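Here is a short report on a structure. It covers helix faces, cores, domains and salt bridges.

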Amino acid sequence: MSAVPSHALQPILDVRGVHKRFGGVEALKGVSLSLHPGEVVALAGDNGAGKSTLTKMISGVYPADDGEISLDGKVVRFATPEAAREAGIETIYQDLALADNLSIGANIFLGREPMRRALGVLPVLDRAKMASAAKDTMARLDFHVDRLDAPVGRFSGGQRQAVAIGRAIYWDARVILMDEPTAALGVPEQRKVLSLIQSLKAQGRGVIFISHNLQDIFAVADRIVVLRRGSLAGERRIGQTTHDEVVKLMIGG
Amino acid sequence: MASLTPSQVLNDRASRGSLSRVLLLAARLRAWLFLLLLLVLFEVWAQVSYGASFMFSSYNAQSIAVFAVAPLLLALGETFVIIAGGIDLSVGFIMGLSAVISAQGANIAGSYMPAFPAMLAGIAAGLLVSLIPGAVNGWLISKLKVPPFIGTLGMFGVARGVAFLLAAGTTVPVTNSDFAYLGNGRVLGFPLVVVITVLFLLLMSYILGQTRFGQHTYAVGASEQAAVRAGINVGRHTRKLYLLSALCAGLGGVLYTARFTAGAAQAGEPLLLDSIAAVVIGGASLFGGSGTILGTVAGSLVIAVIQYGLVFIDVEPFWQFVAVGVVIIISVLVDQTQRKLGGDR
Ligand SMILES: Nc1ncnc2c1ncn2[C@@H]1O[C@H](COP(=O)(O)OP(=O)(O)O)[C@@H](O)[C@H]1O
Ligand SMILES: [Mg+2]
């Protein structure tokens, strides 16, 4: 793999002072976070700290009550997850939501299927394009697919998570949000996902990685942002902190 | 930078021995194998008992094809709905409603215009009216979140009642020579209803296999969550599915009226179970996510061959229920085994 791109001065994603309230619950109380190209930022914190809520605001699921989010220095306000995806923000979830009966290519293109004209007139799905895109994309993740028409339901959890990540890469997502992407996986599969995160980083994409596993975080992240009860509890570069310090930030001192 | 894991080949877990490959292939083609088996059985029986051929008689072949038309039309729409993880129990009486409306429509129009446009008016009326219960089904299921089984069971009752009310409890004879020709005429020696059905099934096969609509139907059936996250409007897709199913039933009703030159509210009454059976025998799973038009065609032919064949060899007609039932059960067992083996559609 090529050298890690140096961090550009301008972050791709910049979250400034976002607030989110659900009825009586203040899920986020003014949180800020920035993400640079080729950077992996881990988001840590106890259950209910607000990690998922923060990623959902970035990905257009919820609007922010207050504060702003900028992409490439421009303030954005996404009305829907589709709008965020159009702008290059993809989310990978722990539940591996793929259409199990469809091929890798069909999953990568789900909702945006390429068409061609059969006999010059009849519009039909361009399966050849889907298959070749699947092959190329998975190869970029160091997966070599032998049967491009096999439904993804036949693959293991880690391989399916790779398909979800492949989908983000194919559509050239620059910001990839991963909400506990390894939570549903066994240990060897978790390692595969971690290596995929390293590939994304090497490709110059920005990754926000939510995990409960400090070992994983220390293995792939450049920085760690700790939330506690909706507020920023601390932010550290991975090389300059320890497990103990992060745990203290999480539970409060 | 070193990867944490070496590069790897994505291998599907089902690629085991050649025996399991053969079994999976057989499971996938089970409807065609059933069909072949049935044809051989009836052929042997016909040769032994009558010294005549069963399947190489063009009279028998055409009778089976004509016989299969109505259940196949219902099954085509049902295939889409079942692949998407739903079910449409109202198709039989939507067909009856369309049969009655198209007969009445053609009759009323016939007093203002010549036979051909009057027939077209009747057909249009039957198809358009059948879209109403389809739209209501889709609305109940997508907007009010009524389970498909319940929503369409309700519509089964409503369409049934309305069809009988409109027909005033009797059949509605059609006095339109063009409509009668549509149901009983021939093109190039083939029954017109069969030709229309074949063209329609090619269209349905194209929609399911080659368009985004078809692709999204499979996705919704596999994981609604995945479909939503991919930006598919699942509610709107669901509404289209039930409209499509109703339209297929409506066409079945129109062709019924054409064939019998009369519309009847009970036209599709016995066909609901046959159509669902055809879809299941054809390899679709009632859990959603799998099925094909080609499979449904085979499933419909299996049922038609059983029904016609048992009459042909002069067995008590009630045996057909037993035979179709057994085939359904075997199909579902094969489907379950196939899932365990990790096979796909
Ligand atoms: N849709 C929602 N409606 C109401 N409360 C919510 C909703 N989503 C999250 N919350 C609340 O906001 C807080 C933060 O939740 P979440 O972001 O899921 O935390 P985390 O992902 O860090 O475990 C919790 O108290 C949770 O109960
Ligand atoms: Mg969470």
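## Terms and model

A residue is called buried under 20% relative accessible area, exposed over 50%, and partly exposed in between (1.4 Å probe, protein chains only). Helices (H or I, at least four residues) and strands (E, at least two) are DSSP runs, numbered from the N terminus.

This is a predicted model: local features need pLDDT of at least 70, side-chain atom pairs count only at pLDDT 80 or more, and totals for chains, interfaces and linings use all residues. Residues are numbered from 1 along each chain as its sequence is written, chains are lettered from A and ligands numbered from 1 in the order in which they are written, and side-chain values use heavy atoms, with hydrogens and water left out.

Start with helix α8 of chain A, residues 243-251. Its buried residues are V246(A), L249(A) and M250(A). Seen down the axis of α8(A), they fall within an arc of 100°, so they line one face of the helix. The arc is taken from the directions from the helix axis to the C-beta atoms. On the other side, D244(A), K248(A) and I251(A) are exposed. The buried residues of α8(A) pack against β3 (40-44), α7 (214-220), β12 (223-228) and β13 (231-237) of chain A. Just after the helix, G252(A) has a positive phi of about 85°.

Helix α1 of chain B (residues 18-28) buries S20(B), L24(B) and A27(B). Down the axis of α1(B), these buried residues fall within an arc of 60°, so they line one face of the helix. S18(B), L19(B) and V22(B) are exposed on the other side of α1(B).

## Nonpolar cores

A nonpolar core is a set of buried Ala, Val, Leu, Ile, Met, Phe, Trp, Tyr and Cys residues joined through side-chain atoms within 4.5 Å. The largest has 57 residues. L76(B), F80(B), F179(B), L182(B), M204(B) and I293(B) touch the most other members. Among the elements of chain B that give two or more residues to this core are α3 (58-83), α8 (192-210) and α13 (293-312).

Contact means heavy atoms within 4.5 Å. Not counting residues up to four places away in sequence, I293(B) touches L76(B), T79(B), F80(B), L201(B), M204(B), S205(B) and L208(B).

## Domains of chain A

Chain A is divided into domain 1 (10-88 + 174-253) and domain 2 (101-172); the bounds come from an automatic or database domain assignment. Their centres, taken over C-alpha atoms, are 28 Å apart. In contact are 14 residues of domain 1 and 15 residues of domain 2. Across this interface the rule finds 1 salt bridge.

## Salt bridges

A salt bridge is a side-chain nitrogen of Lys or Arg within 4 Å of a carboxyl oxygen of Asp or Glu. R205(A) and D172(A) form one of them (3.2 Å, N to O).

D100(A) pairs with R160(A), their closest N and O atoms being 2.5 Å apart. D100(A) sits in the loop between β6 (89-93) and α3 (104-108) of chain A, and R160(A) in helix α5 (residues 157-170), 60 residues apart. R160(A) is buried, at 12% relative accessibility.

E235(A) forms a salt bridge with R223(A), with closest N and O atoms 2.3 Å apart. E235(A) is in strand β13 and R223(A) in strand β12 of chain A. Salt bridges that share partners join E39(A), R223(A) and E235(A) into one network.
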